[in-house]
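Hi,

Here is the structure I promised to pass on.

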Amino acid sequence: MPAAPRRLPAARQRHRALWFWAFVGPFAAGLALFTYVPLAWSVYLSFFDAHNTVSPTEFVRLDNYATLLADASFRSSLVTFAVFSAFIVPATYALSLGLALAVNRLRAGRAFFRSVFFLPTACSYVVAATVWKLSVFNGVRFGLANTVLGWFGAEPVAWLASTDPPWYWLVIITVRLWLQAGFYMVLFLAGLQRIPPRLYEAAALDGARPGWQTFRHITFPALRSTSVAVVLLLIINAFQAFDEFYNLLSDQRGYPPYARPPLVHLYYLALGQGQDLGLGSAGAVLLALIIAVVTVVQARWSGLGRRED
Amino acid sequence: MDDALVRTGRALRLMLLTALAVLFLIPFYLLVRGGLASEEEITAPGWTLFPAGPHWSNVRELFTDPDVPMARALLNSSLIAVATTLGTLLLASLAGYGLARIPYRHADAVFYAILGTLLVPAAVTFVPSFVLVSSLGWVSSLRGLIVPTLFSAFACFVFRQYFLGFPRELEDAAQVDGLGYWRTYWRVVVPNSRPVFAAVGTIVFIGAWNAFLWPLVIGQGRDSWTVQVALSTFTTAQTVQIHELFVAAAVSILPLLLVFLLLQRYIVAGVERSGIDD
């Protein structure tokens, strides 16, 4: 960059610092105000008894944390998350990768199929949950799944209300699978486009048969960085699951005692009847810590950000 | 023989994809079917493929039902989505440009402070954010729904990565012409970066329109309900008839489907950029 010869270095540095903050300042200030301040505030609140108030006086040390960790329902919300991600992460990974591989090899109609699978991304969880709850998996006879079961002479199933077997998991998993598979398919398609054709040519020369062998030794390793990013995003998003659980399971009587992921638990804890903001803040701090640790560990473990060629 | 095998494989793949495509489209079909049916048709035993004589009056019924503030919710959602999109684009692109192009001693520290917020997703901190917004007195107001969501570290990150790869020659030429950072940005950089603005903008718009948890927490009064909150209230409370719920759901995704079909290539580009794999 051509330097202005007469300007002093110090003045130039000040000039640059000024412009840097003119560009970055508004954003950085807002982010600090709406992310760091609330986090700090809630760390503070988490040490107090704060029912219905944000300026509490009664310092309770680590009581809120102790209460939470001793609370079976908080622990079971973490188990719910673990079960949920044990299903949704592999299912979405396999489906979106499979779709991407199949769509990528199409000769005609690639744009059409990509659009169809991507279309659910436009849907909100609320809309999808409405369709799933009232139509696909409606527990009465006229629901789509029960209609199909009826053709085979089976009895209707109360999908969302039955805990033994826990059919509600089928409803919860499929709604998210439908909503997000197309999004990750697009990520995989982008990854597939970046694989240099010469790799396949070399593999063919070495006698690798197209299909499983090529996938196993060329495609899958070449998609490594995409895979790592996809799995990370899937876990982070599963941890934040709220919309479909809330809209599928809660009704005028409230939320059933089962299938409460962490954010649903936190929602009722902090904003329910008790409005226990001290306990809610402690919960938020714990969850933030958990997800930050999970992210860092997973990124470290899989070498995210490490350049590879 | 190999040829025949390849052709069979290709045909099988096409059949499988077609079957999956039909499965993926079924929910949209169910929305339209439910939205245009009468209540009796929906709850009738036996499946009718499509309602006899589509009940377009369902739409009028939805907008005239005094118990369902759908028009107001659509207005709120539109205002929120447009304001969030414009605000995010402005703030995040400026910040991204400053981080990418203006040499400053502490730029790295600022960048890592911004990146660090990506470690803690916004949804996880909704309780602290609610505490802050309620002490500002912004509960049940559009301000409370819009302002806290304007500062997207993700958008800032995407813009920074993009501007790092922006051709420097263009900016150098502008600076030779005597333009400072500010005018270079507006006259040279922005006009030559429309695709990335479109990509980030569509992603932010979709996210804002479909957002649920934050509007549920903040939009407590009926007048501040967004489309998603309104729909959810009727779905979970089951105070509204099913056919009306389906019309409401269909109406709520209509604007997005339009945006989606018109701008799909930008959205795909935006999703590809959001892959944090480089």
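A word on terms before anything else: a helix here is a DSSP run of H or I with at least four residues, and a strand is a run of E with at least two. Also keep in mind that this is a predicted model.

With that in hand, take residues 167-190 of chain A: the span is 96% helix and 0% strand, and its end C-alpha atoms sit 35 Å apart. Residues 20-41 of chain A come out as 100% helix and 0% strand, with 28 Å between the end C-alpha atoms. Both stretches are on the list of "transmembrane region" entries that UniProt gives for chain A in an unreviewed entry.

Now for how the two chains meet. On chain B, 74 residues are in contact with 74 residues of chain A. Helix α1 of chain B (residues 2-35) makes the biggest contribution to chain B's side, 9 residues. By class, that side has 54 nonpolar, 17 polar and 3 charged residues.

Chain B itself splits into domain 1 (2-58) and domain 2 (66-274), whose C-alpha centres are 33 Å apart. Where they touch, 9 residues come from domain 1 of chain B and 8 from domain 2 of chain B. On the domain 1 side, α1 and α2 (39-43) of chain B are the elements giving two or more residues, and α1(B) has the largest share with 4. That side is made up of 4 nonpolar, 4 polar and 1 charged residues.

Cheers

Conventions: Residues are numbered from 1 along each chain as its sequence is written. Chains are lettered from A and ligands numbered from 1 in the order in which they are written. This is a predicted model: local features need pLDDT of at least 70, side-chain atom pairs count only at pLDDT 80 or more; totals for chains, interfaces and linings use all residues. Two residues are in contact if their C-beta atoms, placed from the backbone, lie within 7 Å. Ala, Val, Leu, Ile, Met, Phe, Trp, Tyr, Cys and Pro count as nonpolar, Asp, Glu, Lys and Arg as charged, and the others, Gly among them, as polar. UniProt positions are given in the numbering used here, feature names are shortened, and annotations may be inferred rather than shown by experiment. Domain bounds come from an automatic or database domain assignment.
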